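Subject: Structure handover

Hello,

Here is the structure for you to look at. My notes on what was found in it follow below.

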Amino acid sequence: MNSSGEFLNASEAARRLGISAKALRLYEQRGLLAPIRTEAGWRAYGPHDLERASEILALRALGFSLAQVARVLAGDPRGLGPVLTAHQRTLEARLPVLVDAIDRVRRLRSDVARGATPSAGELAGFLAAAPERRIAFYLPWPWGGERFELRDIRPLTYITGPLGSGKTRLAMRIAEASGGIFVGLDRRADPAGAAKVRPAVDLLVEDGATDSAALVDLLASLEATEPVPIVVDLIEQGLDKPTQEALIADLRRRGPAAPPLFVMTRSSSILDLDALGPDETVLFCPANHAPPFRVAPYPGTPGYEALASCLATPEVRARSEGVIAVRR
């Protein structure tokens with residue numbers, strides 16, 4: 001396929017762009033890409049397709065929904081204002097950190113100009129990465145109360161496991177230990193909260209979501225007044241498949257500077273193992289009540305098969321909603 005260097009198959013194109021083949025199919029379904037087909041029926045992506053896909057990815061990184069991406073690519077400016085405003089706010093939130101870094105560089109330059117040489121420790125401290133996010137606590141029942149430490153906390157952490165594995169209690173303990181907010185299944189938005197998230201709901205609807213009370217209640221619950229971790233119980237509750245897919249795509253665009261978000265889920269539309277990025281991680285609760293552990297999203301890694309087996313499509317989840325496991 002790529003012997004001439006002009007066309008790539010779906011796997012090669014996805015690898016070149018740093019995304020999944022599933023994302024390429026989604027862009028095609030939404031009319032954003034139109035790869036040619038080989039005589040055997042396989043998709044083939046040429047230079048124009050790769051350039052267009054790169055533009056789509058850049059716009060998505062700015063916070064544009066797929067519907068807005070389609071309008072921008074068609075030269076339609078509608079809806080650009082709110083998205084650019086949100087991106088501006090994100091950049092402005094980083095200003096204090098950048099200003100502090102610039103001040104420290106200025107002081108170091110001033111010291112050097114006066115003949116004072118900064119120590120290796122001062123330079124190393126300046127170049128050091130931001131402090132690692134971590135929390136430690138004692139595991140609740142059904143575990144044995146052993147100490148548990150969660151290190152290198154990512155912006156988006158999925159908590160999952162089979163029925164009865166203790167993941168809800170773990171989620172509540174994470175919220176408590178981190179000083180965060182636990183969003184339970186009884187989420188209800190007041191009129192003011194519902195009105196506040198209406199623009200966000202409309203953007204998700206443009207991306208294919210279904211406008212519903214469950215979606216409004218969830219988004220209102222995620223509107224924290226303080227930059228603290230948020231832990232959400234069964235985030236897919238009451239949401240159909242298109243809504244789940246639009247929601248998780250939006251949450252992935254929060255960026256590495258956002259407060260940590262922990263979401264409990266057993267839906268393969270929320271936790272798509274083929275689409276996990278560097279700012280996401282999976283925390284798995286085993287059925288035998290061994291301590292929770294992180295699972296890398298690659299077949300053959302420890303815990304991967306058990307993790308995959310406890311995830312299901314929204315249609316399957318809907319059929320088993322409300323079912324409680326009873327051991328006889």
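Arg-154 is partly exposed, with a relative accessible area of 23%; partly exposed is the range between buried, which is under 20%, and exposed, which is over 50% (1.4 Å probe, protein chains only). The side chain of Arg-154 meets that of Asp-152 in a salt bridge, with 3.1 Å from N to O. A salt bridge here is a side-chain nitrogen of Lys or Arg within 4 Å of a carboxyl oxygen of Asp or Glu. Asp-152 is partly exposed too, at 32%.

Before the rest, two notes on the source. This is a predicted model, in which local features need pLDDT of at least 70 and side-chain atom pairs count only at pLDDT 80 or more, while totals for chains, interfaces and linings use all residues. Residues are numbered from 1 along each chain as its sequence is written, and side-chain values use heavy atoms, with hydrogens and water left out.

Overall picture

The protein chain has 13 helices and 10 strands. These are DSSP runs numbered from the N terminus, with helices (H or I) of at least four residues and strands (E) of at least two. Of the 328 residues in the protein chain, 36% are buried. The accessible surface of the chain is about 18300 Å², and 56% of that belongs to carbon and sulfur atoms; areas come from the Shrake-Rupley method with a 1.4 Å probe, and for residues only the protein chains shown count as cover. Among contacts in the chain with a separation of 6 or more, 64% are between residues 24 or more positions apart. Contact means heavy atoms within 4.5 Å.

Salt bridges

How many salt bridges does a search of the whole structure find? The count is 15. Lys-196 is exposed at 58%, whereas Glu-223 is partly exposed at 43%. Asp-111 and Arg-114 form another salt bridge, their closest N and O atoms being 2.6 Å apart. Here Asp-111 is partly exposed at 25% and Arg-114 is exposed at 62%. Glu-28, Arg-37 and Arg-43 are linked in a salt-bridge network.

Cores

In soluble globular proteins, nonpolar side chains tend to be buried together. The largest nonpolar core in this model has 34 residues, and Tyr-158 and Val-232 have the most contacts inside it. Such a core is a set of buried Ala, Val, Leu, Ile, Met, Phe, Trp, Tyr and Cys residues joined through side-chain atoms within 4.5 Å. Elements giving two or more residues to this core include strand E5 (156-160), helix H9 (198-206), strand E7 (230-232) and helix H12 (304-309). H10 gives the largest share, five residues. Leaving aside neighbours within four places in sequence, Val-232 is in contact with residues including Val-183, Leu-218, Leu-261 and Phe-262. A second, separate core has 18 residues, among them Leu-8, Leu-24, Tyr-45 and Leu-50.

Thr-243, in helix H11, is buried, at 1%. Not counting residues up to four places away in sequence, Thr-243 touches Gly-208, Ala-209, Thr-210 and Leu-215. Thr-243 and Asp-211 are 32 residues apart in sequence and 8.3 Å apart in space, C-alpha to C-alpha.

Cysteines

The whole structure has zero disulfides, a disulfide being a pair of cysteine sulfur atoms within 2.5 Å. Cys-285 is buried at 0%, and Cys-310 is buried at 4%.

In helix H4 (residues 66-73), the buried residues are Leu-66, Ala-67, Gln-68, Val-69 and Arg-71. After H4 comes Gly-75, with a positive phi near 85°.

Leu-95 lies in helix H5 (residues 80-113) and is partly exposed at 43%. Leu-95, Leu-98 and Val-99 make a nonpolar surface patch of about 260 Å². Patches are made of residues with over 30% relative accessible area and no salt bridge, with like charges joined within 9 Å and nonpolar side chains (Val, Leu, Ile, Met, Phe, Trp, Tyr) within 5 Å.

Regards
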